[in-house]
Amino acid sequence: MRQYLLNIWNAFWTVLVGMRLTWRHLFIPAVTVQYPDERWTLPPNSRMQLFVNIDDCIGCRQCERACPVECITIDLIKAVPEDEREASTGHKVRFHVTKFDIDMAKCCYCNLCTIPCPTECIYMTPSYEDAAPDRFDLIYHFAKIPPEKIPELEEKARRFEEEEAAKKTKKKAAVAAN
Ligand code: SF4
Ligand code: SF4
């Protein structure tokens with residue numbers, strides 16, 4: 001009989017000890033955030049989704065070179081002089097950015113791409129809730145030039161280069177003749 005009562009006490013005591021943390025937390029205010037109804041205020045400079053203000057991108061490719069996981073892909077076409085323009089920072093824009101993709105599924109949020117950007121047009125946003133059911137939806141496209149316009153720009157650049165090459169050859173020939 002004594003052993004029987006001892007076993008009951010042991011079982012009761014074990015539950016009490018096992019639930020010690022639970023009991024204690026019953027009297028401590030909850031710290032769990034009921035996401036998505038509630039959200040933490042994230043600290044300044046938190047690293048989140050990237051954004052590119054493509055109008056200010058000069059196509060220098062420094063961000064692409066800085067990226068350790070090669071998740072930035074940029075395609076450029078040289079702009080002819082009459083198509084050159086200025087970014088809002090005053091930098092000359094000498095290229096048409098025909099492709100500027102960032103694969104956010106590969107991005108490790110190191111922030112290294114934003115540091116060398118001369119116009120500060122690539123930066124981290126406060127957005128971190130952009131999950132997607134398809135991984136390809138995580139490739140963000142920032143270029144604005146429509147694909148059907150690309151052959152025209154390529155042709156323009158090719159003709160300009162040919163004209164420049166012809167001018168140089170003519171100039172060299174004139175110098176040689178003198
Ligand atoms: S944050 Fe890092 S990994 Fe992501 S795109 Fe920039 S350089 Fe690449
Ligand atoms: S570093 Fe900045 S300006 Fe240069 S290609 Fe990247 S986003 Fe564009």
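Let's start with Tyr-123, which lies in strand S6. Strands here are DSSP E runs of at least two residues, helices are H or I runs of at least four, and both are numbered from the N terminus. Tyr-123 is partly exposed, because 13 other C-beta atoms lie within 10 Å. The cut-offs: 20 or more other C-beta atoms within 10 Å of a residue's own means buried, 12 or fewer means exposed, in between means partly exposed, with C-beta atoms placed from the backbone.

What does Tyr-123 touch, leaving aside neighbours within four places in sequence? Phe-51 and Thr-114. Contact means that the C-beta atoms, placed from the backbone, lie within 7 Å. Tyr-123 and Phe-51 are 72 residues apart in sequence, yet their C-alpha atoms are 5.5 Å apart in space.

A word on what you are looking at. This is a predicted model, where local features need pLDDT of at least 70, side-chain atom pairs count only at pLDDT 80 or more, and totals for chains, interfaces and linings use all residues. Residues are numbered from 1 along each chain as its sequence is written, while chains are lettered from A and ligands numbered from 1 in the order in which they are written.

Now the core. The largest nonpolar core has 16 residues. By nonpolar core I mean a set of buried Ala, Val, Leu, Ile, Met, Phe, Trp, Tyr and Cys residues joined through C-beta atoms within 7 Å. Val-52, Cys-57, Ile-72, Val-97, Phe-100 and Ile-122 touch the most other members. S1, S2 and S5 are the elements that give two or more residues to this core. S5 has the largest share, with four residues.

Take Cys-57 from that list. Not counting residues up to four places away in sequence, Cys-57 touches Val-52, Val-97, Phe-100, Thr-119 and Cys-121.

Cys-57 also takes us to ligand 2. Around ligand 2 there are 15 residues, and Cys-57, Cys-60, Cys-63, Cys-117 and Ile-122 come nearest. To count as near, a residue needs its C-beta atom, placed from the backbone, within 6 Å of the molecule or strand. By class, that shell has 11 nonpolar, three polar and one charged residues. Ala, Val, Leu, Ile, Met, Phe, Trp, Tyr, Cys and Pro count as nonpolar; Asp, Glu, Lys and Arg as charged; the others, Gly among them, as polar.

How many residues surround ligand 1? There are 14, and the closest are Cys-67, Cys-107, Cys-110, Leu-112 and Cys-113. That shell has 13 nonpolar residues, one polar and no charged.

On to the strands. S2, residues 72-78, pairs with S5, residues 95-103, in the antiparallel sense over seven bridges. Pairing requires that DSSP finds at least two bridges between the strands. Asp-75 stands opposite Lys-99 in S5. S5 also pairs with S7, residues 139-141, antiparallel again, over three bridges. There, Ile-102 has Tyr-140 in S7 as its bridge partner.

Last, the backbone. Two residues other than glycine have positive phi: Tyr-109, near 55 degrees, and Asn-111, about 75 degrees. Tyr-109 counts as partly exposed because it has 13 other C-beta atoms within 10 Å. Asn-111 is partly exposed too, with 14 C-beta neighbours inside 10 Å.

And one cis peptide bond: it joins Tyr-35 and Pro-36, with omega about 5 degrees. Pro-36 sits in the loop between helix H2 (20-26) and strand S1 (50-52).

Definitions and conventions: Contact = placed C-beta atoms within 7 Å.
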